[in-house]
Amino acid sequence: MLSFYDLANLEIDHPQLIIRRYRESDFSQLNAIFDPEYFVWFFTNYKSCREFIQEKIQEYQKANLVMLVIIDKLTGEIIGTSSLYEISLRHKRLEMGSTWL
């Protein structure tokens, strides 16, 4: 049976992109491309990259959410994020979204 932590360690390796779980070492790249304007249409209007990431980490620690980074394989640079959330292993479902590039 799949566990939350199996799901959290999922990595998608595509010829153009890698999508994997956020690591603290990713912060500087995300901070460099973060723009509060991305969140005008989101439920939460994040003012800083740190605020955004702290919320995601808190939800991860409760096994509610996995924050993903999207990496351009050509440059090796992070170009955005997405999340797996509303995770229900019992019902074999989750949502993917809260994406910005």
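Visitor: What percentage of the 101 residues of the protein count as buried?

Guide: Buried means under 20% relative accessible area, exposed over 50%, and partly exposed in between, with a 1.4 Å probe and protein chains only. Of the 101 residues of the protein, 35% count as buried. This is a predicted model, in which local features need pLDDT of at least 70 and side-chain atom pairs count only at pLDDT 80 or more, whereas totals for chains, interfaces and linings use all residues. Residues are numbered from 1 along each chain as its sequence is written, and side-chain values use heavy atoms, with hydrogens and water left out.

Visitor: What radius of gyration does the protein have, and what would a compact globule have?

Guide: The radius is taken over C-alpha atoms, and the globule rule is 2.2 Å times the number of residues to the power 0.38. For 101 residues a compact globule would come near 13 Å; the protein has 14 Å, which agrees. The C-alpha trace spans about 40 × 30 × 25 Å along its principal axes.

Visitor: How many bridges join strand 1 and strand 2?

Guide: Their antiparallel pairing runs over two bridges, and I12 stands opposite I19 in strand 2. The two strands form a hairpin, with three residues between them. Strand 2 (residues 17-21) also pairs with strand 3 (residues 65-72), in the antiparallel sense over five bridges. On that side R20 stands opposite V69, and L17 has D72 as its bridge partner.

Visitor: Is S83 buried or exposed?

Guide: S83, in strand 4 (residues 78-88), counts as buried because its relative accessibility is 1%. Contact means heavy atoms within 4.5 Å. Leaving aside residues up to four places away in sequence, S83 touches K56, L65, V66, M67, L68, E95, M96, G97 and S98.

Visitor: Where is the place of F34?

Guide: F34 is in the loop between helix 2 (27-33) and helix 3 (49-61). With a relative accessible area of 12%, F34 is buried. Residues up to four places away in sequence not counted, F34 touches F39, Y46, K47, S48, C49, F52 and W100. The C-alpha atoms of F34 and G80 are separated by 8.6 Å, although the two residues are 46 residues apart along the chain.

Visitor: What share of the contacts with a separation of 6 or more comes from residues 24 or more positions apart?

Guide: Such residues account for 44% of those contacts in the protein.

Visitor: How far apart are the mean positions of the positive and negative charges?

Guide: Lys and Arg count as positive and Asp and Glu as negative, while His and the chain ends are not counted. The place of a charge is NZ of Lys, CZ of Arg, CG of Asp or CD of Glu. For the 11 positive and 14 negative charges of the protein, the mean positions are 7 Å apart.

Conventions. Pairing = 2+ DSSP bridges. Helix = DSSP H or I, 4+ residues; strand = E, 2+ residues; numbered from the N terminus.
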